[in-house]
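Colleague: Mind walking me through how to read a few features in this one? I'd like the general idea, then the case at hand.

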Amino acid sequence: DYWESCELNLDIYKYKDQWELESLASQLCIGGWRDGKSMDLSLARRLRDFQFAHCKRVLKYEKCKYWGIFRVYHHLLTVRNDIKWAEETALRRIRKESYMSWEKYDDIQKQKMSLRRPYFTSALILVFILMYVSSLGANGWTIEPLTSNPMAGPSREVLLQLGAKDTGHIVDKREWWRLITPIFLHAGLVHLASDTISLIFIGCALEYFHGSFFAAATFVLSGIGGNIVSALVLPHQVLA
């Protein structure tokens, strides 16, 4: 009964396409036509363009070649690229510029991605290994008993010498650099292996999809933040 009572005057629209946008805007808004609300037509057009881009992507790439965390990042990246293409199309429409097809935009993005390599992550893993070897060298090329260091690494004194986090040194001796050095230092082989595996799966994906600068900034800032929290919560423990 409600739909029969709706009176739609199609003559007020210049094109059927405009009426379809009105319909989409009304269906997407909260409350729909019943509450007399409607979404802005420009936003409805962007949503339609995004839907078009998504359909084109599904047809072009039937199966995703990535897995694990790479699959998640790839999905988020494709959604972001399709949204950007819809926004770019809307701006070109407003400025009355030439239309850029989704295929051409997707090829440009693929070319940008092809230039990205996990340089920062690879260098970081190399630094981790060198620091661990240096810590063993400073410990007389021996690994402490598991009762002393369950991570299979050097002694507490060697870790402190190489820059491990210690709240007393940071606060009393003003050794603020200890908020940074523990990022590259590891308590033992177990700690090194877990961090390396995490970097291979997460760090490489982050750098590949967002760039080396973003990956480096994320790593350094999160590392410093973690050391600050550790210094406040665990002030009597030496951590690397």
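**Helix end and surface patch**

Modeller: Start with Val-233, which sits in helix α10, residues 212-233. Helices here are DSSP runs of H or I with at least four residues, and strands are E runs of at least two, numbered from the N terminus. Keep in mind that this is a predicted model: local features need pLDDT of at least 70, side-chain atom pairs count only at pLDDT 80 or more, and totals for chains, interfaces and linings use all residues. Residues are numbered from 1 along each chain as its sequence is written, and side-chain values use heavy atoms, with hydrogens and water left out.

Colleague: Is Val-233 buried or exposed?

Modeller: Buried means under 20% relative accessible area, exposed over 50%, and partly exposed in between (1.4 Å probe, protein chains only). Val-233 has 58% relative accessibility, so it counts as exposed.

Colleague: Which residues form the nonpolar patch on the surface?

Modeller: A patch takes residues with over 30% relative accessible area and no salt bridge, joining like charges within 9 Å and nonpolar side chains (Val, Leu, Ile, Met, Phe, Trp, Tyr) within 5 Å. Here that gives Ile-228, Val-229, Leu-232, Val-233 and Leu-234, with about 470 Å² of accessible area together. The areas come from Shrake-Rupley with a 1.4 Å probe, and for residues only the protein chains shown count as cover.

Colleague: On to charges. How many salt bridges does the structure hold?

Modeller: Side chains of opposite charge can pair when their charged atoms come close. The criterion is a side-chain nitrogen of Lys or Arg within 4 Å of a carboxyl oxygen of Asp or Glu. The structure holds seven of these salt bridges.

Colleague: What does Asp-49 pair with?

Modeller: Arg-93, at 3.2 Å, N to O. That pair links distant parts of the chain: Asp-49 is in helix α3 (residues 41-60) and Arg-93 in helix α4 (residues 69-95), 44 residues apart. Asp-49 is buried because its relative accessible area is 8%, whereas Arg-93, at 35%, is partly exposed.

Colleague: And where do Arg-57 and Asp-82 lie?

Modeller: Their side chains meet in a salt bridge at 2.9 Å, N to O. Arg-57 is in helix α3 and Asp-82 in helix α4, 25 residues apart, again linking distant parts of the chain. Arg-57 and Asp-82 are both buried, and together with Asp-106 they are linked in a network of salt bridges.

Colleague: How many residues apart are Arg-92 and Glu-88?

Modeller: Four, about one turn of the helix, and both lie in helix α4. Arg-92 counts as buried at 17% relative accessibility, while Glu-88, at 28%, is partly exposed.
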